[in-house]
Each structure stands twice: as structure tokens, then as C-alpha cells.
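Subject: Structure handover

Hello,

Here is the structure I promised to pass on. Please open it first, then read my notes below.

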Amino acid sequence: MFRMNKLEIEKLHFAYDKATPVIKGINLVLDDRKTAIIGQNGSGKTTFVKLLKGLLRPDSGRILLDGTDLSTLTVAQISKKIGLVFQNPDDQIFKNTVLDEVMVGPLNIGLSLDEARASSRTALAQVELADVEKVNPYDLNLAQRKMVALASILAMDTPIVIFDEPTMGQDVAGKAIIRKVIEDLQAEGKAVLCILHDMDFAAAVFERVIVFSQGQLLIEGDAREVFSKKELLQQAYLDQPQAMKIAQALGIPGNLLSVEEVMAAINGNEVKLP
Ligand SMILES: Nc1ncnc2c1ncn2[C@@H]1O[C@H](COP(=O)(O)OP(=O)(O)OP(=O)(O)O)[C@@H](O)[C@H]1O
């Protein structure tokens, strides 16, 4: 089945308390490109994705999911289309075994017990937790619980997957698993949107970068182009990826995004090291 996976955001405004607007007129079209949202603490990123998931309702403006106004859809209808992995796994973990926990989402959207078990086991294998399916999630460490929370969203097989800070607290191996999950989702034709503080991960993995600043969209576009805008990033209290800073210091042209790109430039003799 052809899936559009398109979210259109029009003139979106939101405030928890009317005196303090948090989302201030965001216009954006999200598509199938792997997209990272970056921005200073408190710039409204989590609030924005909660609006996309229908957990909060806009004060004004609208969100269209494949052309349909999100406000006309039920939570159940949205859940079949959009999965959101929370920043704190303990906001979404309730069951006594890892497998039961991961099965909650698929069962909620109407899969049979057998289907839910099968998709949950596949998801647990993707995050390399197949061998702990009978363990209580609270006997796992925080990084592993984050993977359980991630698996529970993967198991729902939604065409749009949103992650809030998936790499926070993960070591190199955990980050590699998350990278593979994101790349596999995209290969399956799904849309991936990810809030990140880790500029290096954002630069290495994502095609499109959206920069939030004080509830507004400061800049968005191709990752290479956005990360080259040093002054604008500084204005949003953000840093460039390490690889780009090193490449610029060495005088390597091309706004390189990753260590691999820098190594290729050095090995290709585009640059002579001192
Ligand atoms: N439930 C809430 N009630 C009231 N204010 C809130 C609530 N959640 C967030 N805020 C406020 O809204 C603003 C935006 O918060 P939000 O969590 O969306 O930002 P963020 O960019 O995701 O930040 P972080 O990177 O720290 O997660 C902040 O000033 C925050 O204090």
C-alpha cells in the first residue's frame, strides 16, 4: 500500500499558560526525509511533537496528517499512523515483563495476540533485547529501558515514527543500534522525525535539520547547509558538529558532516596534515 506519511503544520500556536506562548506560529511540511529537530533546552521541541501526536491540542493553526486535520481524528486513529518514543521511558513503561510491555502498543491498535507477540519479538530483536523478554523492565538499566520503550513503538509499525532524544544516555553501541533502526525505518518507506541534542549524531544520520529557537522555526533545510550556518546556530545556542569544525579548521572545503567524510578527504589527499 502506498503511504504518504505527510504532516503539514500551519500557523501553529500553543501555550500551557496563556501568558507564556511556547509554540509561536510554526509553518512546516514534514516528509519522508530523515529529519532532526534541534534547539536549545526549552525551545519547544517536545511540546511540538506532542502536538503532532495529538497529545496536546493547538490553540490556533492546524496540523494535517496526509491531508486530514488531526483535530478530526481520534487518539486511536492517530496511534495507527504516528508513534512517539518519549524522552523518559518511565513515562511509557507499565508492565511486568519486557515482552508484555512491548505488546501494549500493538494490542491497543487492534493486532491479535499472536500478531502483537510476533511484531514485538521482531522489534526487541532490532534493539538487541531479544534475550530479556521475560525480565521486568525495571530490572534493566535506563539505557535498556529506553530501548524497550523504542521497541514498543517499533512494534506498532506506524508509518511515521517520532523520537524524543533517543541517543541521550546511550553508549556507542546503543547509538549504533538506534542509527540502524532509523535507517531501517527509512528503508521501509517510513517518515522519521527525531529531537536531538547530539549534533554529531544529527549530522551523521539525518538528511534534513530543523532548528527551533524560542518556539519558532529559525532555519530548516539540508543538514549540510544548516550545519554550515555557524552564526545562526550560535544565535540559537547550538554548536556545529565536531567533524565540521575540524574540517573547517583544517581548511577542508565542502562543509563535511562526519568523521568518515573528513577521513575520506584526508585519505584522498584533498588536505595535507601539518
Ligand atoms: N506540562 C507543562 N506545563 C507547563 N509548562 C511546560 C510544560 N511542559 C513544558 N513546559 C514549558 O514549555 C517550554 C518548552 O518546553 P519543551 O519541553 O517543549 O522544550 P524542549 O525544547 O523540548 O526542551 P528540552 O530540550 O529541555 O526537552 C519550557 O519553558 C517548559 O518549561
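What follows is a short tour, from the overall build down to single residues.

This is a predicted model: local features need pLDDT of at least 70, side-chain atom pairs count only at pLDDT 80 or more, and totals for chains, interfaces and linings use all residues. Residues are numbered from 1 along each chain as its sequence is written.

**Overall build**

The protein has 11 helices and 10 strands. Its radius of gyration is 19 Å, close to the 19 Å that the globule rule gives for 274 residues, so it is as compact as a globular protein of that length. (The radius is taken over C-alpha atoms; the rule is 2.2 Å times the number of residues to the power 0.38.) Helices (H or I, at least four residues) and strands (E, at least two) are DSSP runs, numbered from the N terminus. Along the principal axes, the C-alpha atoms fill a box of roughly 60 × 45 × 35 Å.

Of the 274 residues, 41% count as buried. Buried means 20 or more other C-beta atoms within 10 Å of the residue's own; exposed means 12 or fewer; partly exposed lies in between; C-beta atoms are placed from the backbone. Two residues are in contact if those C-beta atoms lie within 7 Å. Among contacts between residues at least 6 apart in sequence, 63% join residues at least 24 apart.

**Domains**

The protein is divided into domain 1 (7–237) and domain 2 (241–274). These bounds come from an automatic or database domain assignment. The domain centres, taken over C-alpha atoms, are 31 Å apart. Where they meet, 8 residues of domain 1 are in contact with 7 residues of domain 2. On the domain 1 side, helix 7 (199–205) and helix 8 (223–228) each supply at least two residues. That side divides into 5 nonpolar, 1 polar and 2 charged residues. Here Ala, Val, Leu, Ile, Met, Phe, Trp, Tyr, Cys and Pro count as nonpolar, Asp, Glu, Lys and Arg as charged, and the others, Gly among them, as polar.

**Ligand shell**

Which residues surround the ligand? They are Y16, V22, G39, N41, G42, S43, G44, K45, T46 and T47. The shell divides into 2 nonpolar, 7 polar and 1 charged.

**Helix 5**

Helix 5 (residues 142–154) has 13 residues. From first C-alpha to last it reaches 18 Å, close to the 18 Å expected at 1.5 Å a residue. (The expected span is 1.5 Å times one less than the number of residues.) The helix is mostly covered, with 11 of its 13 residues buried. Those buried residues pack against strand 6 (82–85), helix 3 (98–108), helix 4 (113–126), strand 7 (160–164) and helix 6 (172–187).

**Single residues**

S119 is found in helix 4. It counts as buried because it has 20 C-beta neighbours inside 10 Å. Beyond its neighbours within four places in sequence, S119 is in contact with P106, L111, A155 and D157.

E165 is in the loop between strand 7 and helix 6. Its phi is near 55°, a positive value in a residue other than glycine. With 19 C-beta neighbours inside 10 Å, E165 counts as partly exposed.

Y237 is in the loop between helix 9 (230–235) and helix 10 (242–249). Its phi is near 60°, again positive in a residue other than glycine. Y237 is exposed, with 11 other C-beta atoms within 10 Å.

Best wishes

Note on methods
A residue is near a molecule or strand if its C-beta atom, placed from the backbone, lies within 6 Å of it.
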